[in-house]
Amino acid sequence: MKNLQELLYKVPLETVVGSTQVEVENIHFDSRQVGDGDVFIALKGTASDGHDFIEKAIDQGALAIVLENLPKETHENITYIKVESSHKALARMAANYFENPSRELKLVGVTGTNGKTTTTSLLYSLFKDCGFKTGLISTVHVLVDEKTIPTKHTTPDPITINSYLREMVDAGVDYCFMEVSSHGIAQERVGALHFAGGVFTNLSHDHLDYHKTFAEYRDVKKRFFDELPASSFALTNVDDKNGNYMLQNTKAKKLGYALKTITDYQAKIIENQFGGLLLKINEQEVWTKMIGRFNAYNMLAIYGAAIELGLEKEEVLVAISKLKGVSGRFQYFTTAKEKITTIVDYAHTPDALENVLETINAIRTKNETLITVVGCGGDRDKTKRPKMAQIAASLSDKVILTSDNPRTEDPQEILDDMEKGVEPQDFKKVLNVLNRKQAIKTAAQMARENDIILIAGKGHETYQEINGVRHDFDDRNIAMELLNLLDK
Ligand SMILES: CC(=O)N[C@H]1[C@@H](OP(=O)(O)OP(=O)(O)OC[C@H]2O[C@@H](n3ccc(=O)[nH]c3=O)[C@H](O)[C@@H]2O)O[C@H](CO)[C@@H](O)[C@@H]1O[C@H](C)C(=O)N[C@@H](C)C(=O)N[C@H](CCC(=O)O)C(=O)O
Ligand SMILES: Nc1ncnc2c1ncn2[C@@H]1O[C@H](COP(=O)(O)OP(=O)(O)OP(=O)(O)O)[C@@H](O)[C@H]1O
Ligand SMILES: N[C@H](CCC[C@H](N)C(=O)O)C(=O)O
Ligand SMILES: [Mg+2]
């Protein structure tokens, strides 16, 4: 049981109808989960409005309702708490409910269009390697030190985040690294968390279905830094054209990392090959198994964050040299006889796809054929579709356009949207194979000795969502099975 008044600590209230001196059980923002003695927080969402479910929540036993608009008629024994923003109130109440676990460990948030999963996952591995109990909240999974929890969101809702953080604190976790998505910031999912640091990776085209304009998307990301406390650090990629903008109004200690600009954490790429990168970070050389220029940025972000969190330079460099790749990010295998290399990568934005293809083109020997298999997700930003097809076709020798997660959209229409981006000189390189498994099979049949196949967009995902149903599907298993079978 929790005292409602205590749960409302630091929540700016507009009007209260009824008593706040009541004991409550749980807090919920979904009426379907409400039970006896709970608080229901009515959120205005994208598909519906939680205010429409207040009566249902009361029928199910809610004692108190947090809302933005008071109903005309109220029930006598119910407490109504009117706030300006239910999303902000939820964030604060969730933190209060779990007794502010983010203050009991060092929480670092990583935001940006690409590189969040890579950076947070590698920070997790690095801190584990240095002997700390560590937590991770990422697109791939949540880790409470060594315990794995499956996840659906990159940045979950505030109740879920705070419950994970409480579990981490109780398990003795010292550091937690979490991905902060733009949806997470816009919906206040990270609203009342206490961050020890924030990292910005980069900003490019994504989610323009949700944020409408690039400026709005950029400013949502900036809000994360605006709200960091003075005791924290804000580490930004100053080579990105929005890097400095992110830190413009932050109270946190401002720091930069770059390959091209003079700043706090700098690196030079000395070698870039299939085996990894040789970097010179702040005058010290280090080999990493991570591949490609974009990973040099990820390494710098990791290095800077680890130093700001108090680790020694030497131990950080040793740990960096031991880091292994992240699930579904440039994950590759080569067949035994024909030496066909298949790379599975989560590139699902134009920028990520361009980076991955440029990385492959920079390190291959040019005699092989590069075959790219790529699709775009349904119910997501449509404007990235033609761009991704254009990039795939211009930077590969052959392209197979296919489905990603169509969700509730018609897969053929997604493919048609993509095809519009292919430029006339590339028409002859492109094939359309709607079924993703067939598309991978086509690539496998086309490939000859030493060729390279890139399968982009789904990375670590172990399902394909069609018509709202998730079917088992793993690019890596399918590719491995088909290629090994064909490897005579
Ligand atoms: C567009 C979006 O982000 N939606 C998220 C949002 O839902 P919503 O507010 O739009 O919900 P809604 O359906 O309009 O309902 C409004 C309110 O009524 C409530 N309700 C609804 C029905 C009912 O019977 N009773 C009831 O109380 C709902 O619980 C909700 O509180 O809040 C929900 C709870 O936190 C999320 O689960 C949901 O994520 C949806 C499923 C989603 O697909 N989100 C994706 C786009 C997302 O968040 N992605 C980012 C990663 C992006 C990236 O960086 O690549 C992520 O962080 O995962
Ligand atoms: N620093 C980077 N800059 C640009 N591209 C990157 C960077 N790091 C990774 N990538 C590319 O972007 C893809 C996605 O990387 P990652 O999963 O780390 O990003 P993310 O920000 O977590 O994405 P999401 O928004 O889906 O959670 C990778 O598979 C790789 O192709
Ligand atoms: N976090 C991203 C993941 C996209 C992955 C891609 N496979 C797709 O389904 O579009 C999103 O929800 O937009
Ligand atoms: Mg991610």
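A residue counts as near a molecule or strand if its C-beta atom, placed from the backbone, lies within 6 Å of it. With that in hand, look at ligand 3: around it you'll find Thr154, His348, Gly377, Arg380, Asp404, Asn405, Gly457, Lys458 and Glu461. Sorted by class, this shell has no nonpolar, five polar and four charged residues. (Here Ala, Val, Leu, Ile, Met, Phe, Trp, Tyr, Cys and Pro count as nonpolar, Asp, Glu, Lys and Arg as charged, and the others, Gly among them, as polar.)

A quick word on what you're looking at. This is a predicted model, where local features need pLDDT of at least 70, side-chain atom pairs count only at pLDDT 80 or more, and totals for chains, interfaces and linings use all residues. Residues are numbered from 1 along each chain as its sequence is written, while chains are lettered from A and ligands numbered from 1 in the order in which they are written.

Now for the strands. Helices (H or I, at least four residues) and strands (E, at least two) are DSSP runs, numbered from the N terminus, and two strands pair if DSSP finds at least two bridges between them. Five strands make an open sheet with mixed pairing, in the order β2-β7-β6-β5-β4. β2 (13-17) and β4 (27-28) sit at the edges with a single partner strand each, so one side of each has no neighbour in the sheet. Further in, β5 (residues 39-41) runs parallel to β6 (residues 64-67), joined by three bridges; Ile41 has Val66 as its bridge partner in β6.

Next, find β13 (residues 197-200). It pairs in the parallel sense with β8 (residues 106-111) over four bridges, and Val108 has Gly197 as its partner in β13. β13 also pairs in the parallel sense with β14 (residues 233-237), over four bridges, with Leu235 in β14 as the partner of Val199. Both faces of β13 are covered: Gly197 and Val199 on one side, and Gly198 and Phe200 on the other, are all buried (20 or more other C-beta atoms within 10 Å of a residue's own, C-beta atoms being placed from the backbone).

Finally, the core. A nonpolar core is a set of buried Ala, Val, Leu, Ile, Met, Phe, Trp, Tyr and Cys residues joined through C-beta atoms within 7 Å. In the largest one, with 137 residues, Val39, Ile41, Leu300, Ile302, Leu353 and Leu454 touch the most other members. Helix α9 (residues 293-308) gives the most to this core, with ten residues.

Definitions and conventions. Buried ≥ 20, exposed ≤ 12 C-beta atoms within 10 Å, placed from the backbone.
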